[in-house]
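Hi everyone, thanks for making time for this one. Let me put the structure up, and then we can walk through it together.

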Amino acid sequence: MRSERSESVVPGAAEPADATDPALETVRPGQPTPGRLGRVGPGADEGLADPGSVGRRQRHELWMRRALEVAVTGPDSGPAEDGDAVVEDVPVGAVVYGPDGAELAIGRNERELTGDPTAHAEVLALRRAAERLGRWRLEGCTLVVTLEPCTMCAGAISLARISTVVFGAWEPKTGAVGSLWDVLRDRRLTHRPEVYGGVLEPESAALLRAFFR
């Protein structure tokens, strides 16, 4: 897993460190991973080659701020009427961006609102992006989410062929992208997106702490 704070490569290896390597059992989850097969390090297409352009870090932070906005505002269900019960879902926001950087879809946790156990922010954003594009393959797209995806969402991300995942806070209880499991880094998968964790982690974690306080 690539971190916005550091990127390391195992000496003599052809790819960055991957926690699924038996020799790296003691490596803390969150170390760099190769993403696309045969790829080492960031490429020029990530905006790092041109000093005058917006770099990857700045772009990821900008997109994460949008995801945080979605997490706070929630779905637009119209004005509440008298007698309506206030529904409070865990504030997690997700945004899918197209290959050109354009926003395609957003999602926020709606499990309590809809009574749907699969209504996680990531799943809703993926569904809406696929509907907008008219296809289930979201190749070249980036999913930005304020919390580390769970096993269900990580599986959906891989199946949707998302190219890049950017998340904010780590989830030590259910996280499946480096905390408890590493679904998206499993070398047995036919599709492994690039992953950047800990982007605006303090802001994302603070939002969740405020909700559960």
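A disulfide, as I use the word here, is a pair of cysteine sulfur atoms within 2.5 Å. By this rule the chain has zero disulfides. C150, for example, is in none: the nearest cysteine sulfur, that of C153, is 3.7 Å away. C150 counts as buried because its relative accessibility is 13%, and buried means under 20% relative accessible area, with exposed over 50% and partly exposed in between, using a 1.4 Å probe and protein chains only. C141 is buried as well, at 0%.

Some housekeeping: this is a predicted model, so local features need pLDDT of at least 70 and side-chain atom pairs count only at pLDDT 80 or more, while totals for chains, interfaces and linings use all residues. Residues are numbered from 1 along each chain as its sequence is written, and side-chain values use heavy atoms, leaving out hydrogens and water.

pLDDT is the predictor's confidence in each residue, from 0 to 100. The chain averages 78, and 69% of the residues score at least 70. Over residues 5–52, pLDDT stays under 50. Where pLDDT is low, the predicted coordinates should not be read in detail.

Now to strand β2, residues 93–97; strands here are DSSP runs (E, at least two residues), numbered from the N terminus. What covers its two faces? G93, V95 and Y97 on one side, and A94 and V96 on the other, are all buried.

β2 pairs with β3 (residues 103–108) in the antiparallel sense over five bridges, where pairing takes at least two DSSP bridges. V95 stands opposite I106 in β3 and opposite V144 in β4.

Conventions
Contact means heavy atoms within 4.5 Å. Helices (H or I, at least four residues) and strands (E, at least two) are DSSP runs, numbered from the N terminus.
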